Amino acid sequence: MSIEKVQIFDTTLRDGEQVPGCKLNTAQKLVIAERLDALGVDVIEAGFPISSPGDFHSVNEIAKIVKNATVCGLTRAVKKDIEVAAEALKHAKKPRIHTGIGTSDSHILHKFKSNRDEILERAVKAVAYAKTFVDDVEFYAEDAGRTDNEFLALICSEVIKAGATVLNIPDTTGYCLPEQYGAKIKYLRDHVTDIDKAILSCHCHNDLGLATANSISGVINGARQIECTINGIGERAGNTSLEEVVMIMRQHPDLNLDTNINSKLLYSTSRLVSESMGMPVQPNKAIVGSNAFAHSSGIHQDGVIKNRETYEIIDPEEVGVIESAIVLTARSGRAALAYRAKRIGYELTKLELDKVYEEFLNFADKKKEVVDEDIHQIMEIHKIEHKA
Ligand code: KIV
Ligand code: ZN
């Protein structure tokens, strides 16, 4: 079976930047956009051009410099929004307008004080209007996760007729279970008229910690684009994390799905976004957290030293991390101490190791982590010769 491509739509600069305190200036956005382009994302959602003159300017500048990726701007299903987005994107090699409207009953009744017929009409008009400016028009059905499937299929069929090339099915509130989200995508594949004229896209939020699982369930059920952010940043509990979905597809070749991402740039891109936004990455974050390839318990350390694959499913180099870390703590064994000591220039005999290990435990009991400086001290106490 041939491998099918899943497009990566990065929304770090739009949905990600909505996080309080993460505001970026245009210069910072340009650096990130260039990095995303080098990383191999297919689409960069550069911003929401009507939202402010600053956002318009950033989208406009990003559109000028991006070489490979499609550059996308968000709009509501409002004429003025669409005109402003088209203007902001006018220099893009591959421009996309991302327009849409809330489709769940909750959005229709409370946000728009409207009804399904009117929402359907507004959606179709917005897509048709966007299509007068660009060929590539993505439609989002906001709160699709809680939208009735029959109405969702109808609105998707109608916007395809109006020219939509991508159908974004957001689980805006992060409500769905993976089975439900996957079933929704399958329902749309089975019930939307001319579905082969458009790509179904997953856009999942992480309110229940299910954004990654839902996106993977979406692509297993036929979606071919995932909307995500670096480090999973985004509104409330965040969006689907780009590095997670990319590495899940890579680690499971049985899915027959892959992306264009150069995974060796994942770690440095994560750090770039974290530093630019002042948003630390939690140490236990999958793929890019500082502990993602760190081993501290004796049993695990012994296993990894003998064979990395005992406790690691990903080669750290694959995601741009130089090597696995053997962290020395009071739970570390002799193998870990000998390994770290060797790396900084001490070849220990069995006897010497037994001797310094007792000393090491004394140090470790007093500290969270024993560092190289401590090892040098321990060796000095026991007069072990430095070979380097
Ligand atoms: O979560 C969401 O529904 C969105 C849309 C505006 C695409 O971000
Ligand atoms: Zn979103």
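Reader: Which residues of helix α12 (residues 334-343) are buried?

Author: First, the conventions: residues are numbered from 1 along each chain as its sequence is written, and chains are lettered from A and ligands numbered from 1 in the order in which they are written. This is a predicted model, in which local features need pLDDT of at least 70, side-chain atom pairs count only at pLDDT 80 or more, and totals for chains, interfaces and linings use all residues. A residue is buried if 20 or more other C-beta atoms, placed from the backbone, lie within 10 Å of its own, exposed if 12 or fewer, and partly exposed in between. Helices (H or I, at least four residues) and strands (E, at least two) are DSSP runs, numbered from the N terminus. In α12, the buried residues are A336, L337, A338, R340 and A341.

Reader: Against which elements do the buried residues of α12 pack?

Author: Packing is read from contacts, that is, C-beta atoms, placed from the backbone, within 7 Å of each other. The partners of the buried residues of α12 are α11 (298-306), β12 (325-326), α13 (350-366) and α14 (372-381). After α12 comes G345, with a positive phi near 105 degrees.

Reader: Which residues other than glycine have a positive phi?

Author: Most residues other than glycine have a negative phi. Two cases may be examined here. D194, with phi near 60 degrees, is found in the loop between α7 (178-191) and β8. I287, with phi of about 70 degrees, lies in the loop between α10 and β11 (294-295).

Reader: Why does D194 count as exposed, and why does I287 count as buried?

Author: D194 counts as exposed because it has 10 C-beta neighbours inside 10 Å. I287 counts as buried because it has 26 such neighbours inside 10 Å.

Reader: With which residues is V273 in contact, leaving aside its neighbours within four places in sequence?

Author: V273 belongs to helix α10 (residues 266-277). Its contacts beyond those sequence neighbours are T12, I32, I230 and N231. V273 has 28 C-beta neighbours inside 10 Å and therefore counts as buried. Its C-alpha atom is 9.8 Å from that of T229, a residue 44 places away along the chain.

Reader: How many bridges join β9 to strand β2 (residues 7-10), and how many join it to strand β8 (residues 199-204)?

Author: Two strands pair if DSSP finds at least two bridges between them. Strand β2 pairs with β9 in the parallel sense over four bridges, and I8 has I226 as its bridge partner. Strand β8 runs parallel to β9 and is joined to β9 by three bridges, with H203 opposite E227. From β8 the chain passes through helix α8 (residues 211-220) to β9 in a right-handed β-α-β crossover; right-handed means that, with the strands pointing away from the viewer, the path from the first strand over the helix to the second runs clockwise.

Reader: Are the faces of strand β9 (residues 225-228) covered or open?

Author: Both faces are covered: Q225 and E227 on one side, and I226 and C228 on the other, are all buried.

Reader: Which residues are around ligand 1?

Author: A residue is near a molecule if its C-beta atom, placed from the backbone, lies within 6 Å of it. Around ligand 1 are D15, Y140, E142, N168, P170, T172, H203 and H205. Elements β6 (136-142) and β7 (166-171) each give two or more residues to this shell.

Definitions and conventions:
Contact = placed C-beta atoms within 7 Å.
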